[in-house]
Amino acid sequence: MTTATDIAEAQLKMPVQREPDVERRLLHRTLKPLVGTPVNAFVTLACLWVLWLGVKGAYGWLVTRAITEGGAQACKVGNGACWPFYEAKLRFMIFGVYPYDEHWRVALAMVLFLGAIGVTMIPRFWNRNLFVLWGTTIVATAILIWGGVFGLPYVPTTQWSGLPLSFLLSAVGLAFGFPLGVVLALARSSKLPAIRVIAIVFIEVIRGVPLISILFMASVMLPLFMPSGMTVDKLLRAQIAIIIFAAAYIAEAVRGGLQAIPRGQHEASSAMGLHYWQSMRLVVLPQALKVAIPPLVNISIGFFQDTTLVTIIGLLDFLSTVRTAMTDPNWVGIAVMEGYVFAAVVFLIFSYAMGAYSRFLERRMRLGHD
């Protein structure tokens, strides 16, 4: 008869089953997708090698071989980054021909504007107080940039240039182009033939020509339709062209979102007694805009970068001021890469910020979904 003592002795004699090595298993799980096959291993090593060469070259150009003191003459004999160029031309590249002594005004205006955008991006502040915030911000920004009141010297729009101009054109263009685009998308989806045809013709014509053509038409042809003796500011003409162009692309993005909404949503809103505009405002559009977030952000990034095209009608955008700084007789042929690297970093920061916020919105909008 087996006793409890015999069972205990048998258990002691059994081999001990050790738990698997957690660290080794984690390492294997991490490296397996990278080196699971010889091809994956080769591609991974090649990418790491290229990345190492890029980081090594960039560090050498920016730090090791960089010229940190002296002027243009010192940069001529060096083969690294010319930091004195940034010291001499940074303010011009950012603010352009805006009066030098008044740079603080446009800098403060951009801080206020970006701050308002930052508050707007936080979902907890999505309420009616935003209208008060934006009304105050727009008035304060206009006073600071334009001047002419409170003892601030007046600065005409012909002197607005640099990064603030690019930001202003893209922000205002998208802000006014978005509601116009939504209206065009609804008109193109309308059951009324006349409204639908007008929306289709407008959208297809605008999307069928490049932005450069529309800028030329706004700059050259628009004054021809104005009464004699009446002129339109060049900056306003460019802004109208960008708004119209943005609206056409936004309309197609929103229309795609509308088509993604099941027909049952329309029928359910009708069954609840909602008329067309109530159905669109309360039921359909919120869902359609959520679906259209990725293409809308893609359009926003593209239009921020396309503001560089306004240079063809005589406006000094951010990239134009960078190019002008590089053509200074004291720096011509010396700091070419420095200027373009600075412009690329600025565009990258703004574009990445918009893309990151888009991903945040997508994650938040999908909470509780499905």
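Mentor: Let's start with a term: a residue is buried under 20% relative accessible area, exposed over 50%, and partly exposed in between, using a 1.4 Å probe and protein chains only. The model here is predicted, so local features need pLDDT of at least 70 and side-chain atom pairs 80 or more, while totals for chains, interfaces and linings use all residues. Residues are numbered from 1 along each chain as its sequence is written, and side-chain values use heavy atoms, leaving out hydrogens and water.

Trainee: Thanks! Why is E102 called buried?

Mentor: E102 has 15% relative accessibility, so it counts as buried. You will find E102 in the loop between α5 (83-95) and α6 (103-120); helices are DSSP runs of H or I, at least four residues, numbered from the N terminus. The C-alpha atoms of E102 and L152 are 8.9 Å apart, although 50 residues separate the two along the chain.

Trainee: And what makes I312 partly exposed?

Mentor: Its relative accessibility is 35%, so I312 is partly exposed. I312 sits in the loop between α14 (293-306) and α15 (318-326).

Trainee: How many aromatic pairs does the structure hold?

Mentor: There are 16 aromatic pairs. One of them joins F85 and W331, with 5.5 Å between centres and 70° between planes.

Trainee: Why is the pair of F85 and W331 called edge-to-face?

Mentor: Rings of Phe, Tyr and Trp (its six-membered ring) pair if their centres lie within 6.5 Å, and planes under 30 degrees apart are stacked, over 60 edge-to-face, the rest tilted. At 5.5 Å and 70°, F85 and W331 are therefore an edge-to-face pair. F85 lies in helix α5 and W331 in the loop between α15 and α16 (336-365), so the pair ties together parts that are 246 residues apart in sequence. Both residues, F85 and W331, are buried.

Trainee: How do you know which kind of pair F245 and F303 form?

Mentor: The ring centres of F245 and F303 are 5.6 Å apart and the planes are at 65°, so this pair is edge-to-face. F245 is in helix α11 (residues 234-259) and F303 in helix α14, so parts 58 residues apart in sequence are tied together. F245 and F303 are both buried.

Trainee: What makes you say that the charged end of R91 sits over the ring of Y100?

Mentor: The term needs NZ of Lys or CZ of Arg within 6 Å of the ring centre and within 35 degrees of the ring normal. The charged end of R91 is 4.0 Å from the centre of the Y100 ring and counts as sitting over it. The charged end of K89 likewise sits over the ring of F92, 6.0 Å from its centre.

Definitions and conventions. Helices (H or I, at least four residues) and strands (E, at least two) are DSSP runs, numbered from the N terminus.
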